[in-house]
Amino acid sequence: MANRILIVDDAAFMRMMIRDILTKNGYEVVGEAQDGSQAVEKFKELKPDLITMDITMPEMDGISALKEIKKLDPNARVIMCSAMGQQAMVIDAIQAGAKDFIVKPFQADRVIEAIKKTLG
């Protein structure tokens, strides 16, 4: 069965880029969310195997959403997506339970490597 992935990013263009990389590599994108609170709701609803989560979003940021999702499921697998220069936030995210992070602009091979490593 293909691994089911939820994509979370406030930019539709970024979601489209990740979706493209994932589907070309045989992953199933089960849903998309554009902010952290949507991500938490979609996580409850869809129970994805993995989430790609943008750090900086309106409403609820990615680190807050990560913490909420970890409360719901301590085994949830989340890969954070950050822009260059967000090292401090990436460290916070890893401490909050993120499994890995990928940097924008996305490089397909790095995205797939992070996902394979995280799904084990």
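Where does Asp 9 lie? I find Asp 9 in the loop between β1 and α1. Helices and strands here are DSSP runs (H or I, at least four residues, for helices; E, at least two, for strands), numbered from the N terminus.

**Ground rules.** I am reading a predicted model, where local features need pLDDT of at least 70, side-chain atom pairs count only at pLDDT 80 or more, and totals for chains, interfaces and linings use all residues. I number residues from 1 along each chain as its sequence is written, and side-chain values use heavy atoms, with hydrogens and water left out.

**Entry: Asp 9.** Asp 9 is buried, with a relative accessible area of 0%. Buried means under 20% relative accessible area, exposed over 50%, and partly exposed in between (1.4 Å probe, protein chains only). Next I checked its side chain. It reaches the backbone nitrogen of Ala 11 at 2.9 Å. A polar contact of 3.1 Å also joins the side chains of Asp 9 and Lys 104. I take a polar contact as a pair of N or O atoms within 3.5 Å; within protein, one must be able to donate a hydrogen and the other to accept it, and residues adjacent in sequence count only if both atoms are side-chain atoms. Beyond four places in sequence, the contacts of Asp 9 include Met 14, Arg 15, Asp 54 and Met 57. Contact means heavy atoms within 4.5 Å.

**Entry: Arg 15.** I followed Asp 9 to this residue. Arg 15 sits in helix α1. Its relative accessible area is 11%, so I log Arg 15 as buried. A polar atom of its side chain lies 2.7 Å from the backbone oxygen of Asp 9. Leaving aside neighbours within four places, I also see Arg 15 in contact with Ile 7, Asp 10, Glu 32, Ala 33 and Gln 34, among others.

Entry: UniProt lists Asp 54 for "modified residue: 4-aspartylphosphate" (unreviewed entry). UniProt positions are in the numbering used here, feature names are shortened, and annotations may be inferred rather than shown by experiment. I place Asp 54 in strand β3. Asp 54 counts as buried, at 3% relative accessibility. Not counting residues up to four places away, Asp 54 touches Val 8, Asp 9, Asp 10, Gly 62, Met 80, Cys 81 and Lys 104.

**Entry: cores.** I asked which residues have the most contacts inside the largest nonpolar core. They are Val 8, Ile 51, Met 53, Leu 66, Ile 69 and Met 80, in a core of 22 residues. β1, α2 (36-46), β3, α3 (62-72), β4 and α4 (87-95) each give two or more residues to this core. Apart from it lies another core, of 18 residues, among them Ile 7, Ile 18, Leu 50 and Ile 112. A nonpolar core is a set of buried Ala, Val, Leu, Ile, Met, Phe, Trp, Tyr and Cys residues joined through side-chain atoms within 4.5 Å.

**Entry: helix α5.** In α5, I find Val 111, Ile 112, Ala 114, Ile 115, Thr 118 and Leu 119 buried. They cover an arc of only 160° around the axis, which puts them on the same side of α5. The arc is that of the directions from the helix axis to the C-beta atoms. These buried residues pack against β1 (4-8), α1 (12-24), β3 (50-54), β4 (78-82) and β5 (100-103). On the face turned away, I note the exposed residues Asp 109, Lys 116 and Lys 117. Gly 120 follows α5, with a positive phi near 65°.
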